[in-house]
Amino acid sequence: MAETKAGPVGTDAEQGLVNQWRDILAVHARTQCELDRELHAHGLGASDFEVLDVLATGLAQDGAATLRVQDIACQVHLSQSALSRLIGRLQKDGLVDREMCSEDRRGVRVCLTAKGGKVHAEARPVQRSVLARMLPGRPGA
């Protein structure tokens with residue numbers, strides 16, 4: 001392996017892998033920014049929409065129309081504390097309701113309100129359009 005002032009230089013395969021990773025990060029960053037910009041007209045950011053979308057399209061494992069916060073966290077890739085703050089903002093805006101889990105008093109369940117469902121339905125085509133535009137050639141595009 002060759003040496004540079006910055007340290008060892010990897011193989012072409014390693015550099016290809018690093019380049020691929022950086023391309024993924026760049027696409028993610030550009031898409032996230034575009035989603036934030038486009039969804040702003042609906043009073044949402046990309047993460048806000050993701051939570052509403054998960055709630056609108058998912059059922060809990062027990063078949064309930066509400067989801068536990070930890071189940072949402074697995075799908076939106078936010079820390080538990082960041083997700084709790086986001087859910088608090090969505091609740092303050094009247095888009096979701098949250099309640100203690102009856103089966104586990106430490107858990108919290110979240111569901112869309114009628115207003116949240118309406119905002120989601122209005123913003124969904126915008127989000128899907130951004131994804132189609134920003135992720136060309138991807139499965140489903």
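1. In this predicted model, helices H2 and H5 cross in a left-handed manner. Their axes lie 10 Å apart and the packing angle is about 110°. H2 is therefore roughly perpendicular to H5, since angles of 65 to 115 degrees fall in that class.

2. The residues that form this contact are, on the H2 side, Phe49, Glu50, Leu52, Asp53 and Ala56, and, on the H5 side, Gly116, Val119, His120, Ala123, Arg124, Gln127 and Arg128. Sorted by class, the contact of H2 with H5 holds five nonpolar, three polar and four charged residues.

3. H2 also packs against H3, and here the crossing is right-handed. The two axes come within 10 Å and cross at roughly 120°. H2 is accordingly described as oblique to H3.

4. Glu50, Val51, Val54 and Leu55 of H2 meet Ile72, Gln75 and Val76 of H3. By class, five of the residues in the contact of H2 with H3 are nonpolar, one is polar and one is charged. Glu50 of H2 is listed in this contact and also in the contact with H5.

5. A further partner of H2 is H1. The axes of H1, which spans residues 12–39, and of H2, which spans residues 46–57, come within 8 Å and cross at roughly 80°. H1 is therefore roughly perpendicular to H2.

6. Which residues make the contact between H1 and H2? From H1 they are Gln32, Leu35, Asp36 and Leu39, and from H2 they are Ala46, Ser47 and Phe49. The class count for the contact of H1 with H2 is four nonpolar, two polar and one charged. Phe49 of H2 takes part here and is likewise named in the contact with H5.

7. The largest pocket has a volume of about 330 Å³. Its lining consists of 13 residues, and those nearest the centre of the pocket are His28, Gln32, Glu50, Val76 and His77. Among these, Gln32 is also a contact residue of H1 towards H2, while Glu50 and Val76 belong to the contact of H2 with H3.

8. Which helices each supply at least two residues of the lining of the largest pocket? They are H1, H2, H3 (69–76) and H5 (114–134). H1 provides the largest share of that lining, with four residues.

9. The lining of the largest pocket comprises, by class, five nonpolar, seven polar and one charged residues. The contact of H2 with H5, by comparison, includes four charged residues.

Conventions: Residues are numbered from 1 along each chain as its sequence is written. This is a predicted model: local features need pLDDT of at least 70, side-chain atom pairs count only at pLDDT 80 or more; totals for chains, interfaces and linings use all residues. Side-chain values use heavy atoms; hydrogens and water are left out. Axes are lines fitted to C-alpha atoms, for helices over the stretch in contact, and angles run from 0 to 180 degrees between N-to-C directions. Angles under 35 degrees count as roughly parallel, over 145 as roughly antiparallel, 65 to 115 as roughly perpendicular and the rest as oblique. Contact means heavy atoms within 4.5 Å. Ala, Val, Leu, Ile, Met, Phe, Trp, Tyr, Cys and Pro count as nonpolar, Asp, Glu, Lys and Arg as charged, and the others, Gly among them, as polar. On a 1 Å grid over the protein atoms alone, a cavity is a set of points where a 1.4 Å probe fits but cannot get out, and a pocket is an open set with protein on both sides within 12 Å along at least five of seven lines; lining residues have an atom within 4 Å of a point. Grid points are joined across faces, edges and corners, and a volume is the space filled by probe spheres set on the points. A crossing is left-handed if the near helix is turned anticlockwise from the far one by less than a right angle, and right-handed if clockwise.
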